[in-house]
Amino acid sequence: MQKYSWILFLMFILGVSNTYAQTQKGFKIDTTQLYSTYCFLHQNPELSGYEIETSALLKRELAELGFTIVDSLGLNSFAGVLENGKGPTILYRTDMDALPILETTGVGFASSKTDNTNGKQVPIMHACGHDFHMTTWLGVARTLVAAKKKWKGTIIFLAQSSEETGQGAKGIVKASNYVKLPTPKYQLAIHDTPDLLTGSFGFCDEYSMAAVDMMNITIHGRGGHGAEPFKTIDPILLSANFIQELQSIVSQNLAFNNPAVITVGAINGGTVGNIIPNSVELKLTIRTFSPENRKYVLTRIEEIGNYLALAAGLSETELPDYELLDMSIPPVYNNPALGELLQKSISNTSKSNSIVKVLPKMIGEDFGIYSNSNSIPSYLIWAGVKSPNNTAPSTSGSLHSSTFLPDYKSALPLTVDAISNCLIDLFAIH
Ligand SMILES: [Zn+2]
Ligand SMILES: [Zn+2]
């Protein structure tokens, strides 16, 4: 991160003048600084749990702006707290981690970083746009500090590690230093999306992102010669029936307006064609929205697996093993009343900003852990990053793809402006 300071220092020495975006409400947003921060973070991604340099950079920036840093929030997570008179407390969270993907955007500031995980060298890329979230977050911090006269209260800027592995928010809510932070009245986060144009902000009230569960299942059988299946109980045939039948939970057991997804992402069993193995391993991801639905689907998976095993002739001691991995995260619940306030705020921000009502998504986000643990009104806003002119290389790339790249030049100042306004307007509510 030394390099980052040098870039800014050289810009200062060489007299490189910054450009600013003047917003409708009078904020002066330093776009030169935003773009250089974004490109630097994009070029220097770090994997979940390893965001050491990234968190150091964010911390240094917040400390320079006068925030008090609260450390030890699990992994590399930390908070910056800024008190500015008597008023409500609001929490605004960014995530920091990148993904093990080889970037193919072809831009000059593409990541060429790799890291060694589990003895394997893997490429790293900000393919979920957490670099966009961090840059926006820093931009909002700078705007709020510059506009201190326009608001009163306490802001908690929360920088979270390990969103992609579902461990970051879990670690934070368990940390003793987190409990010591002032209690927020509202909790906010953004997530970028190439589904919406820059300047568009997506709102989805109530359950907006799914609860995520990962499950490993071992289907037992009784192996033997491939030529004599009548002397065996074939776990491969049993697995095939089970996988088919799992989809009946979504199509037959749940109402059409009560969606869920059950995906079997991996099947491993057997060695060669003429041996019936003793067991088969399945790896599943399960997506639901309400806690009731989640419980129902998990129970139904076991019921179907157990009944099929018994029907195949296995005994009660040979039923499948179901292992729910320690990666479960609850759904993201967006508070509708808070959503209304935020929409009003964004609509009044800039003529080029617009509100789009979006449908819930089956992807997961651990931001739901905060409101799940404290019932404080929370909202995750989708921030559009798709180029309106189809010029940015991002346009075709979806989240988690090697070609994902936000139209950052257009989206960053608009998002900083929108979120700064949201926060300032929320501070005005007593
Ligand atoms: Zn992601
Ligand atoms: Zn993400």
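The following dialogue explains how to read several features of a predicted model.

Me: What conventions apply to the numbering and to the confidence of the model?

Reply: Residues are numbered from 1 along each chain as its sequence is written, while chains are lettered from A and ligands numbered from 1 in the order in which they are written. The model is predicted, so that local features need pLDDT of at least 70 and side-chain atom pairs count only at pLDDT 80 or more, whereas totals for chains, interfaces and linings use all residues.

Me: How many helices and strands are there in the protein chain?

Reply: Helices (H or I, at least four residues) and strands (E, at least two) are DSSP runs, numbered from the N terminus. In this case the protein chain holds 11 helices and 20 strands. Its radius of gyration, taken over C-alpha atoms, is set against the globule rule, 2.2 Å times the number of residues to the power 0.38. The value is 24 Å, close to the 22 Å that the rule gives for 430 residues, so the chain is as compact as a globular protein of that length. The C-alpha trace spans about 80 × 45 × 45 Å along its principal axes.

Me: How many of the residues count as buried, and what share of contacts join residues at least 24 apart?

Reply: A residue is buried if 20 or more other C-beta atoms lie within 10 Å of its own, exposed if 12 or fewer, and partly exposed in between, with C-beta atoms placed from the backbone. By that criterion, 45% of the 430 residues are buried. Two residues are in contact if their C-beta atoms, placed from the backbone, lie within 7 Å. Among contacts between residues at least 6 apart in sequence, 78% join residues at least 24 apart.

Me: Into which domains is the protein chain divided?

Reply: Domain bounds come from an automatic or database domain assignment. Here, domain 1 comprises 17–209 + 331–427 and domain 2 comprises 211–324. Their C-alpha centres lie 38 Å apart. Each side gives six residues to the contact. Residue classes are assigned as follows: Ala, Val, Leu, Ile, Met, Phe, Trp, Tyr, Cys and Pro count as nonpolar, Asp, Glu, Lys and Arg as charged, and the others, Gly among them, as polar. The side of domain 1 that touches domain 2 has four nonpolar, two polar and no charged residues.

Me: At what angle do the axes of α2 and α4 cross?

Reply: Axes are lines fitted to C-alpha atoms, for helices over the stretch in contact, and angles run from 0 to 180 degrees between N-to-C directions. A crossing is left-handed if the near helix is turned anticlockwise from the far one by less than a right angle, and right-handed if clockwise. Helix α2 (residues 31–43) and helix α4 (residues 130–146) have axes that come within 9 Å and cross at roughly 145 degrees. This crossing is right-handed. By class, the contact has six nonpolar, four polar and one charged residues.

Me: Which residues of α2 and α11 meet?

Reply: T31, L34, Y35 and Y38 in α2 meet Y408, K409, L412, P413 and V416 in α11. Seven of these residues are nonpolar, one is polar and one is charged. The axes of α2 and helix α11 (residues 408–427) come within 10 Å and cross at roughly 115 degrees, and the crossing is right-handed.

Me: How do helices α7 and α8 pack?

Reply: Helix α7 (residues 235–253) and helix α8 (residues 291–311) pack at about 140 degrees, with axes 10 Å apart. The crossing of α7 and α8 is right-handed. Their contact divides into nine nonpolar, three polar and two charged residues.

Me: Is L75 buried or exposed, and where is it found?

Reply: L75 is buried, because 23 other C-beta atoms lie within 10 Å. L75 is found in the loop between β3 (68–70) and β4 (78–84). Its phi is near 50 degrees, a positive value in a residue other than glycine. E206, in strand β11 (residues 206–209), likewise has a positive phi, near 60 degrees. E206 is partly exposed, with 14 other C-beta atoms within 10 Å.
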